[in-house]
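Q: I would like a close look at a single part of this model. Please keep to the ligand surroundings and the sheet beside them.

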Amino acid sequence: MEFLDLSPLTRARGTIQLPGSKSISNRILLLSALAQGTTDVRSLLDSDDTRVMLDALACLGVNWIRRGDTQDYVVQGVGGAFPVKQAELSLGNAGTAFRSLTAALALCGGNYTLRGVPRMHERPIGDLVDALRQLGAQIDYLDNADFPPLKIAPAQLTEASEVAVRGNVSSQFLTGLLLAAPLTGKSITIRVIGELISRPYIEITLNLMRRFGVEVERDGWQAFTVPAGQVYRSPGSIYVEGDASSASYFLAAGAIGGGPVRVEGVGSASIQGDIRFAEALQQMGATIAMGGNWVEASAQGRLHGIDADFNHIPDAAMTIAVAALFAQGSTMLRNIGSWRVKETDRIHAMATELRKLGATVEEGADFLRVTPPVQLQPATIDTYDDHRMAMCFSLVALGGVAVRINDPKCVNKTFPGYFEAFASITQRSVMSTDIPVIAIDGPSASGKGTVAALVARALGFHYLDSGALYRLTALAAQRRGVALDDEAALAQLARNLDVRFEGGEIWLDGERVSDELRTERIGNGASKVAALPAVRTALLERQRAFRQAPGLVTDGRDMGSVVFPDAATKIFLTASAEERAQRRYKQLMEKGFDANLSNLLEELSERDARDAARSVAPLKQGADAILLETTHLSIDQAVATVLACYQARQSGQGA
Ligand SMILES: Nc1ncnc2c1ncn2[C@@H]1O[C@H](COP(=O)(O)OP(=O)(O)OP(=O)(O)O)[C@@H](O)[C@H]1O
Ligand SMILES: Nc1ccn([C@@H]2O[C@H](COP(=O)(O)O)[C@@H](O)[C@H]2O)c(=O)n1
């Protein structure tokens, strides 16, 4: 199996000239072939799917030439039915080519065999065949009923002027019928049964038919009439706009990796439905700017999860499922049942691969809910011979983790130069040191954790409560009967802790332990295990792994001195011992725990003394840390001070 390793990436910024749209390219090629006159097709997509269509048209007697090395083609229309009356066509996994050619060839008066790759033979086509048979088409299934491959014989046109087709499996069935209808020479009305999915693709079909001189009358999304006597006429020359589905990966990169990332070739004037992907990204918190022929995405902080219906943009919605890994909270993608019959069963494939990265994924017949992990895990992604799986999952590298993409060449279906284009707008992270860290250290109950979590929220950064890892080690030791001075056993425990941080809560071995962790008994145990060098070493890389884009705020005792010595901003946050004991007392009472103020003062002082006296990573203010004395500060004032220190540092004004 070929694979491509993507290194951890930090930023995305730049401009991409998009390749032509696949949907528009293949429709224009078929329309140019059926039309009277010669069509200059500009900026055609260079991909497997368009090559399949060009080869098929050549087999059917259509003359076309490519202009030098460009993506401009000249197609000589045949002005109606294809001249070659007998042909065997191999159409790969190109749904657009297979469905539209099935409809056109069924009405062309010849004998044709249409085959695809194995996956194409698993993608249903029965609804289209049934509709064509109502017109008199002679189509047989060569293997399984309702699926390719197909054998087509000359149609015996019936009197029928109306056909019905189901709208909820693939909009390409309706597209095929619409494109082929003028070949009958009579008025044809196509009624849609059930809800029509992916409507924007029908808009593209109608728009392009109009450009080639055929008007379709419609009754909403229920019925479409192609009046008699219309023939396709070449518009002379026609330009293929950039692919809006392909734009989604770069726009998402801009939103995840800071941006701005600009795509050129699609914009507000686009006829493609997937341009509305930008709206979904905006709902997630990205900043979007758009002109007639360009779109730009950037983001200030972290994205947030959304709950939305994606029936109108099924292809680009896959990019939202991966962007959900970078959002705060869960993202719900509804009404995406058509994913099941695409290049692969995309709901199943997406859920399987997202889980490999640590996400929690719920999948249903037509929905997917994605909850991101606290930390992305490096993973090897299988792509299921699906170009969009490969392209979407490249975005994971922007989370600062390495990702391996199996069978990367599957992108050739629609975007052969994808990975080069992606590399041109992303920056590799060298040991992730360019991801900013704000390190807040200080004594117990000074307010470090409270302030750090609020600063993280304000900046959209990740948050690490490093003390929780020592507390978890102490709790796990207590539960397993490991003595608090058994250094080797404790280090082993620390290395293998099965923990989950989610939505402010902490789980140990699948059990929620957030409240138990906060007791002074566990705090004292933590302070004992934290004095052991082997335990600290065991937890070091675990803590560093939290350093993920766009940034990290962390609190503890040695965040600025040992774990993140290159932190952008280091704060030593403290308060008088009496004030800290008061704060802890209030905190425990609010949680419903019993507490005694003078005992607390004693326990805190004892713990701080132990933390300060130990030989490794002792509690002390580093020379490069800013002292933040909060005895007389409110939480908001402390947060504002940390933010000001960080912003001053970012704009180069000081430490
Ligand atoms: N500036 C402040 N003024 C008043 N109360 C504060 C302030 N900062 C934090 N607190 C309160 O003090 C309590 C202790 O804060 P927190 O748990 O964040 O401390 P900590 O330093 O992270 O403690 P530990 O090291 O034990 O984990 C919380 O109830 C918090 O709301
Ligand atoms: N970076 C750190 C963080 C914590 N500890 C030890 O864990 C104890 C509990 O920490 P809290 O912040 O949750 O109170 C603490 O007393 C330290 O002994 C540490 O060593 N290094």
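Which helices each supply at least two residues of the shell around ligand 1?

A: Three helices are to be named here: α13 (448-459), α20 (577-590) and α22 (635-650). Each gives at least two residues to the shell around ligand 1. The model is predicted, with an average pLDDT of 94 for the protein chain. 99% of the residues score at least 70. For the complex, the predictor reports an ipTM of 0.97 and a pTM of 0.63.

Now the shell itself. Ligand 1 is surrounded by 18 residues. The closest are Gly447, Gly449, Thr450, Arg583 and Gln587. Sorted by class, 10 residues of this shell are polar, 4 are nonpolar and 4 are charged.

Next, the sheet. It is open and has 5 strands, in the order β28-β32-β27-β33-β34. The pairing is parallel. β28 (462-465) and β34 (626-629) stand at the edges. Each has a single partner strand, so one side of each lacks a neighbour in the sheet. From one strand to the next, the twist averages 20°.

Helix α13 links the two topics. It supplies at least two residues of the ligand 1 shell, and α13 also packs on the sheet. There α13 touches β27, β28, β32 and β33 (569-574). The direction of α13 makes about 180° with that of β32.

One strand pair can be followed residue by residue. β27 (residues 437-441) pairs with β32 (residues 552-556) in the parallel sense, over 5 bridges. Within this pair, Ile438 has Val553 in β32 as its bridge partner.

Strand β10 (residues 162-166) pairs with strand β11 (residues 188-193) over 5 bridges, in the parallel sense. Arg166 has Ile193 in β11 as its bridge partner. Between the two strands, the chain passes through helix α5 (residues 171-180). This β-α-β crossover is right-handed.

Notes. Residues numbered from 1 in each chain as written. Chains lettered and ligands numbered in written order. Predicted model: local features only at pLDDT ≥ 70, side-chain atom pairs only at ≥ 80, totals over all residues. Near = placed C-beta within 6 Å. Helix = DSSP H or I, 4+ residues; strand = E, 2+ residues; numbered from the N terminus. Nonpolar A, V, L, I, M, F, W, Y, C, P; charged D, E, K, R; others polar. pLDDT = per-residue confidence, 0-100. Pairing = 2+ DSSP bridges. Right-handed = clockwise from strand over helix to strand, strands pointing away. Axes fitted to C-alpha atoms, helices over the stretch in contact; angles between N-to-C directions. Contact = placed C-beta atoms within 7 Å.
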